[in-house]
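Hi everyone, thanks for coming.

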Amino acid sequence: MQIHFAEQRPAGDYALVLPVRSDGDGVPEVLGADREAVAAAAKRQRFAGESGSTADAYLGADGGRRLLLVGIGDKTDVKAAEKLAGTAVARLLTSGETHAVIDLSGFDFAADAAARAALAAELRAWRYDRYRTRLKDKHKPTLARVTIVGGGKDAAALWKQRFAAVAAGVALTKELVTEPANIIYPESFVSRVKANAEGTGLEIEVLNGPAMAKLGMGALLGVAQGSVREPRLLVMRWNGGAKGEAPIALLGKGVTFDTGGISIKPALGMEAMKWDMGGAGAVAGAMKALAMRGAKANVIGVCGLVENMPDGNAQRPGDVVTTMSGQTVEVINTDAEGRLVLCDVMTWVQRTHKPRLMVDLATLTGAMVISLGHEYAGIFANDDELAGQLLAAGLDSGDLLWRQPLGEAYDRLIDSPIADMKNVGPREGGSITAAQFLQRFVEDGTPWAHLDIAGMAWSPKDKTTFSKGATGYGVRLLDQFVAGFEG
Ligand code: BES
Ligand code: MN
Ligand code: ZN
């Protein structure tokens, strides 16, 4: 999508998008002579400017210009701007229109709201048609250009310096999450990210199976051993901050397919487990965004990439593995594999890079989806300041978080009679015991937060910045979080 900003509406052919408040004078004055007729058309469609509602009309003597009215309720904040643009793009994407002009003139949208409208327009237009070889022309996207009018002088700069990069990062995450597991597996995940990192200044380092074995990553490798796909540890560095300053570490669960292993999952819905790499996808997308916009911070992104398969060589329930930390784990359930991957990633990043803090993202537990649904990811943290920074970044970015508890009594539930811990607790509080497991791998009081994004990586329905499917959750959150550490 080409995004433009302008002071005035351009000449030529385009669909005009106008916001309408629910508490104002109805159809905007900018319509001039057409205002009355449009107001009547809107009324006939029972349109009253409610947030996210729309009405159609056609302007000019020959009815030659499509007009789309989009309700914004009683707000002109960034959220309202995103909803306006996302709604408009969803309506016009395959409409036959090639250019949409969103005219904000006369509304008090600030520059950041106008830039966020551009972001939402770009995000909502994303789709992946690579495998649709028989798509009818009529169903193909036509909209190629969005112009935001009247957003103020700073909007274009904000878009260019910040949100265009964020949009590119979200697009990478959506692509990685959408691709099936025969296309994206540990090795190809790495090459896809490498191709995306070209020219951004991201430094990439990759560890293969033997290298991880040498480091003693017995938990991660135990998960990988049932698959013919070799595991990888993908390390992405962005050094935009002060030289030598300890980095912010972002860690991602990258299970490119989760069958459950020998503790195999039921067939119904198992195809969803292609997106069990959503945490790693979010970290890769965020690193791309941070590099593209030249973030003034040192950030290291690390993805633990494995495939969890049943096999003659797969690990068995009851196996005991030794993690890189030296702690041992009794693998009660091979389907609780995400924590086995992340624990070794946590140890590696702490011992190798001494980060100032670490945040992991993981589609870790079905229990998280049961408790928070698809509206909030859960955040577990050993540090209130870090939790507060992430919660605030969530509110700012729209990638929402809700804090969850940690505590000694939960930790007791994963004690094992044979090893230092077992990899599952009881069914009750399943997301919390998973987080307790990870907390056992935090060293030297490093501030740490775990984001369980199981309900957020994939959406069962369309929303403002995505259609049904991959959401790109986490990229905007991490971008905003890191922005809080920049000068
Ligand atoms: N990847 C799943 C969690 C998941 C489930 C994510 C549904 C998204 C939607 C994870 O590896 C898993 O299988 N967790 C188990 C843990 C259990 C065996 C303790 C679960 O949640 O059932
Ligand atoms: Mn699993
Ligand atoms: Zn999993």
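**Around the zinc ion**

Let's start with Glu-337: at 0% relative accessibility it counts as buried, where buried means under 20% relative accessible area with a 1.4 Å probe and protein chains only. Asp-276 is buried too, at 2%.

Quick housekeeping. This is a predicted model, where local features need pLDDT of at least 70, side-chain atom pairs count only at pLDDT 80 or more, and totals for chains, interfaces and linings use all residues. Residues are numbered from 1 along each chain as its sequence is written, chains are lettered from A and ligands numbered from 1 in the order written, and side-chain values use heavy atoms, with hydrogens and water left out.

So, what coordinates the zinc ion (ligand 3)? Lys-253 (NZ), Asp-258 (OD), Asp-276 (OD) and Glu-337 (OE) do, at 1.9 to 2.4 Å. Donors here are N, O and S atoms within 2.8 Å of the metal (3.2 Å for Na, K and Ca), and water is not among the atoms, so sites may look incomplete.

Asp-258 also bridges the zinc ion and the manganese ion (ligand 2), which lie 3.2 Å apart.

Now ligand 1. A polar side-chain atom of Asp-258 lies 2.9 Å from one of its oxygen atoms. For Asp-335, a side-chain N or O atom is 2.8 Å from an oxygen atom of ligand 1, and Glu-337 has a side-chain N or O atom at 2.8 Å from a ligand 1 oxygen as well.

Note on methods. Polar contact = N/O pair within 3.5 Å; in protein donor to acceptor, adjacent residues only side chain to side chain. Buried < 20%, exposed > 50% of the residue type's maximum accessible area, 1.4 Å probe, protein only.
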